Amino acid sequence: MLTLDLTFFLIAGPAVIFAGISKGGFGSGAAFASASILALVVEPGLALGVMLPLLMLIDASTLRPYWRKWDMQAAILLILGALPGVALGAALYKLTEPDVFRVLIGVISVGFVIWQIATANGFIKIATKMLSPAAGVFAGAVAGFTSFVSHAGGPPAAIYLLSKKLGKTEYQATTVLVFWAVNIAKFIPYAFLGMFTLQTATANLVLAPFAFLGAWLGVKAHAVVPERAFFALTYVLLTVTGTKLIWDGLT
């Protein structure tokens, strides 16, 4: 059961705004922090179920500012690859307990931070040459899976998109288009798996304004806020929440 009390909304409201800012202005890579935060206070499946319709609202509200500014070929490859990844995530969800998803979300959260720090310091080098279309489909498959289990499809997609040396706005627009499509693909299996309830729908209605506010702030911040400052905050949030989820899932 999802308890819609003051504590829930005090946590969920800022988390949804944060997701909107990330998806609206910073390539979607850190938007999954919102699901990680919610999974601290509710069952992971419900946290994912609450966030998906809100992420879809954010997608819809950010499509227009970036309309046709994307790399269509890259978007198609990632979307095609994401579909089997989503199917694999759905199959795993049916076979596992909530604690497994707590650990998965936690590992992805902490792993994202380690990956970003390692690449920033040169310990891991992202491809300097443009990756092949096959690599784009594979990146899409990984993105589809991680998106299903934790709304964390941004980092795998970023590896492929960064190899294409896209401009800042073209990169952002491509991620908006890709995850608009991926989130639509996730909606049906989420519904069949019981991840939407009357409580999650009520939470969505209350939190919808926070989603629109976050998306609007993200579009505005895209041009003026340094990415370094935004992601520094993201890394702290993901490290703390990810570590806590791993602990909760294993104990």
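## Helix H5

The buried residues of helix H5 are Phe 101, Arg 102, Ile 105, Gly 106, Ile 108, Ser 109, Val 110, Phe 112, Val 113 and Ala 118. Buried means under 20% relative accessible area, exposed means over 50%, and partly exposed lies in between (1.4 Å probe, protein chains only). Helices (H or I, at least four residues) are DSSP runs, numbered from the N terminus. The model is predicted: local features need pLDDT of at least 70, side-chain atom pairs count only at pLDDT 80 or more, and totals for chains, interfaces and linings use all residues. Residues are numbered from 1 along each chain as its sequence is written, and side-chain values use heavy atoms, with hydrogens and water left out.

H5 covers residues 98-120, which makes 23 residues. The expected span of a helix is 1.5 Å times one less than its number of residues. For H5 this gives 33 Å, and the end C-alpha atoms are 33 Å apart, so the two values agree. After H5 comes Gly 122, with a positive phi near 80°.

## Two salt bridges

The structure holds two salt bridges. A salt bridge is a side-chain nitrogen of Lys or Arg within 4 Å of a carboxyl oxygen of Asp or Glu. One joins the side chains of Asp 99 and Arg 102, at 2.7 Å from N to O. Both residues lie in helix H5, three residues apart, about one turn of the helix. Asp 99 is partly exposed, with a relative accessible area of 32%, whereas Arg 102 is buried at 18%.

Another joins the side chains of Asp 71 and Lys 164, at 3.8 Å from N to O. Asp 71 lies in the loop between H3 and H4 and Lys 164 in the loop between H7 and H8, so the pair ties together parts that are 93 residues apart in sequence. Both Asp 71 and Lys 164 are buried; Lys 164 has 14% relative accessibility. Leaving aside neighbours within four places in sequence, Lys 164 is in contact (heavy atoms within 4.5 Å) with Asp 71, Ala 74 and Met 130.

## Ser 36 in helix H2

Ser 36 belongs to helix H2, residues 33-38. Its relative accessibility is 0%, so Ser 36 counts as buried. Not counting residues up to four places away in sequence, Ser 36 touches Ile 105, Ser 109, Leu 238, Thr 241 and Leu 245. Ile 105 and Ser 109 are among the buried residues of H5.

Helix H4 runs over residues 72-95 and includes Met 72. Met 72 is partly exposed, with a relative accessible area of 42%. Together with Ile 76, Leu 80 and Leu 83, Met 72 makes a nonpolar surface patch of about 370 Å². A patch is made of residues with over 30% relative accessible area and no salt bridge; like charges are joined within 9 Å, and nonpolar side chains (Val, Leu, Ile, Met, Phe, Trp, Tyr) within 5 Å. Areas come from the Shrake-Rupley method with a 1.4 Å probe, and for residues only the protein chains shown count as cover.

Pro 65 is found in the loop between helix H3 (44-63) and H4. At 31% relative accessibility, Pro 65 counts as partly exposed. Its C-alpha atom is separated by 9.3 Å from that of Gly 24, 41 residues apart along the chain.

## Confidence

The mean pLDDT (the predictor's confidence in each residue, from 0 to 100) of the chain is 83, and 92% of its residues reach 70 or more. Where pLDDT is low, the predicted coordinates should not be read in detail.

Definitions and conventions: Helices (H or I, at least four residues) and strands (E, at least two) are DSSP runs, numbered from the N terminus.
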